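Have the viewer open as you read.

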Amino acid sequence: MAGFKEIENFDELRRLRLADEGYFVITDTARHAIIHKVNAKCINADSFNLKVTINARKQGSYYWVDSIATAAREFGAERCKVCKPELSLVDPSTFGR
Ligand SMILES: [Zn+2]
């Protein structure tokens, strides 16, 4: 996977969390887009359902991005102050498994 894509349903969100790669960007018509870690507690089913399913993405949406650079370039996203995605810049695979 590379670049970014919109997340259209909860199954897709769940699969991306399990894959544990990249980041999520949550856009909002009322404020800045925010980038989160894929497994951050800030990403939850209720908020996703409200924004994507109930509000039909009219006030914002969820995207998967491959990197913080993509999030900044495509969405002008700011880093979440709760899950602090800038602290996970090092690819965990470099530590071995
Ligand atoms: Zn977050």
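## A bridge to start from

Ile34 has Glu78 in β5 as its bridge partner. That belongs to the pairing of β3 with strand β5 (residues 78–79), which is parallel and spans two bridges. Strands here are DSSP runs of E, at least two residues long, and helices are runs of H or I of at least four, all numbered from the N terminus. Two strands count as paired if DSSP finds at least two bridges between them.

Before going further: this is a predicted model, where local features need pLDDT of at least 70, side-chain atom pairs count only at pLDDT 80 or more, and totals for chains, interfaces and linings use all residues. Residue numbers start from 1 along each chain as its sequence is written.

## The hairpin

Ile34 in β3 is also the bridge partner of Ile26. Strand β2 (residues 23–28) runs antiparallel to strand β3 (residues 31–37), with five bridges between them. Two residues make up the hairpin link from β2 to β3, and Asp28 sits opposite Arg31 in β3.

## The whole sheet

Zooming out, five strands make an open, mixed sheet ordered β1-β4-β2-β3-β5. β1 (4–6) and β5 are at the edges with a single partner strand each, so one side of each has no neighbour in the sheet.

## The chain overall

Of the 97 residues, 27% are buried, meaning 20 or more other C-beta atoms (placed from the backbone) lie within 10 Å of the residue's own.

Conventions: Buried ≥ 20, exposed ≤ 12 C-beta atoms within 10 Å, placed from the backbone.
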